[in-house]
Amino acid sequence: MRALGFVCVEVRQLQVTRIADLSRHEGEEVGIQGWLYNKRSSGSISFLIIRDGSGFVQAVAVKAELAPEVYELCDTVTQESSLRITGIVRRDARASGGYELTLTGIEIVALAQEYPISLKEHGADFLLDHRHLWIRGPRQHAALMVRNEVIAAAEGWLRSNGFVKVDAPILTPAACEGTSTLFETDYFGEKAYLSQSGQLYAEAAAMAFGKVYVYGPTFRAEKSKTRRHLIEFWMIEPEVAYADQDDNMVIQEQFVSHIVKSCLQNRRQELTLLGRDLSALEVIEPPFPRVTYDEAVDMLHAAGFEFTWGDDFGAPHEVAISQGFNKPVFVMNYPTQAKAFYMQPMPGRPEVVKCADLLAPEGYGEIIGGSERIHDLALMEQRMKEHKMAPEAYDWYLDLRRYGTVPHSGFGMGIERTVAWITGSEHIREMIPFPRLLNRIYP
RNA sequence: UCCUCGAUAGCUCAGCGGUAGAGCAACCGGCUGUUAACCGGUGGGUCGCAGGUUCGAAUCCUGCUCGGGGAGCCA
């Protein structure tokens, strides 16, 4: 192998193995290329914890069994130096992953400077300033691996159930929901806004492809400063033509259950590392409990909350409502005044709409918001007028009601909130590789 | 925007009117099974910024800046 800059010891060419695959090579000598996570040494034995992106493994270097220059490298290599090693795979009860390596060779690709993130505790501000390095650590690695699983499982379920992925634009001419504050930018002299939802475009696509989903980033210029909010987050938004509210909820409970099941199946090790109580996830399967907004208000009153019918629930209310359930719970049929303009009114009860929020258990709050959409042209025009929306900006959206309109429903699931629930994490900001927070856009 | 807590070594913090401290990290030394390894030693500071009170301010007061937690808004 090629030496890069520093004193290197030739490592024999061997099949390079991913740490995650070590169990398939017990007894064999393999090559690993990665980085030094941590090192402990005691004079004539050194323990190198190496990570390669797929996992972590400890390599044991015994002075008496290695050439002096090889052991010297093991003894002096610094935290987060990049290195290639060779070693014999050995099952060992003392190893955290069940396997470790008896080191036979080492090559330092690049010796790292003094690494800022020690293995001791750090504050949030410091870690967020070093997010580009922080994601190398085991807990962050595990959480982001679960994120990857959530996304893969979500898209996998949708694709295998006939949903077509359509990509909605990020630069949009006007507000989708008209409530949140938008990021404004210049579009060759015209005002443009960063998308806060792909839903309206998903509705158009549903009329073209039947079952569709949009997956993309979402931007909210709200000055939110809580552990549940990001300025930029990712949302997956399925939309189905001819689906009513009940169809919508059935899709959601199957969809969410599949995602949880995939994480339990494929990311069990990461969830365990994060200290997640797996039994709380193992019960997640259809059907999910359903309560109406009216019932939820009664529940709040019974729990001692002062709450006026017609208001939207705040975070403490959501926690209180979900506390009675060990599965995600649908809260259905909110007051029309508390919800977006496009939601279908309940027949015979125009003061509420056919919508459902899905509240995750264990106090994680809303992870999905969904509804049946208004398909009647006249009603949609009336609602847009009530919400003081400029009809010319939404003429294309009204076209969907002019040319072959059908009842349809959809929902949006926040990826980071879902990952926070599944991993049992305190903060949503660690559920995305590079969080955009209030007053923080670095790195 | 509001409420609340905070800012002292590279990091995490203690000190709360009287000479600037600890652990970790770094560096040097020791140790053949370590799991945030351990043991000994060395170097390391504009105590967030500005003003005020005082013989004397990291410490008390005022303002500002930055950050944590929460609310509202939402996924």
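How far from a base oxygen of RNA strand B is an N or O atom in the side chain of Q58? The distance is 2.7 Å. This value, like every other in this report, is computed from a predicted model.

## Overall features of the protein chain

Chain A has 443 residues, of which 51% count as buried. Its secondary structure comprises 13 helices and 18 strands. The C-alpha trace of chain A extends over about 85 × 55 × 40 Å along its principal axes.

## The surface near the RNA

RNA strand B is surrounded by 49 residues, and the closest of these are N38, H122, R220, R227 and R417. Of the atoms of RNA strand B that come within 4 Å of the protein, 51% belong to sugar and phosphate. By residue class, the surface near RNA strand B consists of 20 charged, 16 polar and 13 nonpolar residues.

The bases of the RNA also have polar neighbours in the protein. Besides the atom in Q58 described at the opening, an N or O atom in the side chain of S224 lies 2.8 Å from a base oxygen of RNA strand B. For K223, a polar backbone atom is placed 3.2 Å from a base oxygen of RNA strand B. Two or more residues of the surface near RNA strand B come from each of the elements β1 (29-41), β2 (45-51), β3 (56-62), α2 (124-129), β11 (232-241) and β17 (365-373). Among these, β17 gives the most, with four residues.

## Strand β17 and its partners

Strand β17 is mostly covered, as seven of its nine residues are buried. Strands of a sheet pair through backbone hydrogen bonds, in either a parallel or an antiparallel arrangement. Which strands pair with β17? Strand β16 (residues 355-360) pairs with β17 in the antiparallel sense over six bridges, and strand β18 (residues 408-414) pairs with β17 in the antiparallel sense, also over six bridges.

Individual residues can be located in this arrangement. G370 in β17 is the bridge partner of A356, while S371 stands opposite G410 in β18. Strands β16 and β17 form a hairpin, with four residues between them. In the turn of this hairpin, E362 has a positive phi of about 60°.

## A three-stranded sheet

Elsewhere in the list of strands, an open sheet of three strands has the order β7-β9-β8, with antiparallel pairing. Its edge strands are β7 (171-172) and β8 (184-187), each of which pairs on one side only. Strand β9 (residues 190-194) runs antiparallel to β8, and four bridges join the two. Within this pairing, T185 stands opposite A192 in β9.

## Two buried residues in helices

H141 is found in helix α4, which covers residues 138-160. Is H141 buried or exposed? H141 is buried, because its relative accessible area of 15% is under the cut-off of 20%. A polar atom of the H141 side chain lies 2.6 Å from the backbone oxygen of G53.

Q245 belongs to helix α6 (residues 245-266). With a relative accessible area of 7%, Q245 is likewise buried. Q245 and Q344 are separated by 99 residues in sequence, yet their C-alpha atoms are 9.3 Å apart in space.

## Aromatic rings

A pair of aromatic rings is described by two quantities, the distance between the centres and the angle between the planes. The structure holds 18 aromatic pairs.

One aromatic cluster is made up of Y201, F341, Y342, Y394, W396 and Y397.

Technical notes
Residues are numbered from 1 along each chain as its sequence is written. Chains are lettered from A and ligands numbered from 1 in the order in which they are written. This is a predicted model: local features need pLDDT of at least 70, side-chain atom pairs count only at pLDDT 80 or more; totals for chains, interfaces and linings use all residues. Side-chain values use heavy atoms; hydrogens and water are left out. Rings of Phe, Tyr and Trp (its six-membered ring) pair if their centres lie within 6.5 Å; planes under 30 degrees apart count as stacked, over 60 as edge-to-face and the rest as tilted. A residue is near a molecule or strand if one of its heavy atoms lies within 4 Å of it. A polar contact is a pair of N or O atoms within 3.5 Å; within protein, one must be able to donate a hydrogen and the other to accept it, and residues adjacent in sequence count only if both atoms are side-chain atoms. Ala, Val, Leu, Ile, Met, Phe, Trp, Tyr, Cys and Pro count as nonpolar, Asp, Glu, Lys and Arg as charged, and the others, Gly among them, as polar. Two strands pair if DSSP finds at least two bridges between them. Buried means under 20% relative accessible area, exposed over 50%, partly exposed in between (1.4 Å probe, protein chains only).
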